[in-house]
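Come along and look things up with me.

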Amino acid sequence: GETILSTNNKQPPFDNVKVREAVAHAIDRQAIIDGAMFGYGAPIGTHFAPHHPAYKDLTGQSAYDPEQAKALLAEAGFPEGFETTLHLPPPS
C-alpha cells in the first residue's frame, strides 16, 4: 500500500515554497519506514511508486537534513518554526 503525505499549497504557511522545501528536508523517511513498517519499504520522492512508468527518483532533492530545514524556515520568515497539524488516512 501507499500513504502519501501532502500539504495544501494554497494555505499559509505552505503557500511559501521555502516552507515546503523545509518540511521535505525535515522528514526522516527511513526512520518512518523503520518505525512504522518494520523496515519494509523504500523512500520515494514522487507520488509514483518505483514500478510505475512515470517514476523518477527525486529523493536526493529532499534528503533528510534538519539544519537545511531550519535554514529554509528562517529564510521563509519562521526562524522559530511553526506549528501545524497533519492528517493522514487511517492505516489499512
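These are my notes, one topic at a time.

**Entry: ground rules**

I noted that this is a predicted model, in which local features need pLDDT of at least 70 and side-chain atom pairs count only at pLDDT 80 or more, while totals for chains, interfaces and linings use all residues. Residues are numbered from 1 along each chain as its sequence is written, and side-chain values use heavy atoms, with hydrogens and water left out.

**Entry: confidence**

I looked up pLDDT, the predictor's confidence in each residue, from 0 to 100. The chain has a mean of 89, and 95% of its residues reach 70 or more. I then turned to the helices (DSSP runs of H or I, at least four residues, numbered from the N terminus; strands would be runs of E, at least two). Confidence is lowest in H2, with a mean of 90, and highest in H3, at 98.

**Entry: salt bridges**

How many salt bridges does the structure hold? I found 2, counting a side-chain nitrogen of Lys or Arg within 4 Å of a carboxyl oxygen of Asp or Glu.

One of them joins Glu75 and Lys18, whose closest N and O atoms are 3.0 Å apart. This pair links distant parts of the chain, with Glu75 in helix H3 (residues 66-75) and Lys18 in helix H1 (residues 17-26), 57 residues apart. I checked accessibility too (buried is under 20% relative accessible area, exposed over 50%, partly exposed in between, with a 1.4 Å probe and protein chains only). Glu75 is exposed at 53%, and Lys18 is partly exposed at 30%.

Glu67 and Lys70 form a salt bridge as well, at 3.6 Å from N to O. The two sit 3 residues apart in helix H3, so about one helical turn separates them. Both Glu67 and Lys70 are exposed.

**Entry: the two sides of H3**

Which residues of H3 are buried? I wrote down Ala69, Leu72 and Leu73. They cover an arc of only 100 degrees around the axis, so they lie on the same side of H3; the arc is taken from the directions from the helix axis to the C-beta atoms.

Just after H3, Gly77 has a positive phi of about 95 degrees.

**Entry: the nonpolar core**

Next I looked for a nonpolar core (buried Ala, Val, Leu, Ile, Met, Phe, Trp, Tyr and Cys residues joined through side-chain atoms within 4.5 Å). The largest has 7 residues: Phe14, Val19, Ala22, Ala69, Leu72, Leu73 and Ala76. H1 and H3 are the elements that give two or more residues to this core, and H3 provides the largest share, 3 residues. In soluble globular proteins, nonpolar side chains tend to be buried together.

Leaving aside neighbours within four places in sequence, Ala76 is in contact with Asn16, Lys18 and Val19.

**Entry: His25**

Is His25 buried or exposed? This residue of helix H1 is buried, with a relative accessible area of 13%. Not counting residues up to four places away in sequence, His25 touches a list of residues that includes Tyr64, Pro66, Ala69 and Leu72.

**Entry: aromatic pairs**

I found 2 aromatic pairs, meaning rings of Phe, Tyr and Trp (its six-membered ring) with centres within 6.5 Å; planes under 30 degrees apart count as stacked, over 60 as edge-to-face and the rest as tilted. The rings of Phe14 and Phe82 have centres 5.8 Å apart and planes at 75 degrees, so this pair is edge-to-face. Phe14 lies in the segment before H1 and Phe82 in the segment after H3, 68 residues apart. Phe14 is buried at 9% relative accessible area, whereas Phe82 is partly exposed at 28%. Ring pairs link Phe14, Phe78 and Phe82 into a cluster.

**Entry: Leu58**

Last, I visited Leu58, in the loop between helix H2 (29-37) and H3. Leu58 is partly exposed, at 24%. Leu58 touches Gly45 and Thr46, not counting residues up to four places away in sequence.

Methods:
Contact = heavy atoms within 4.5 Å.
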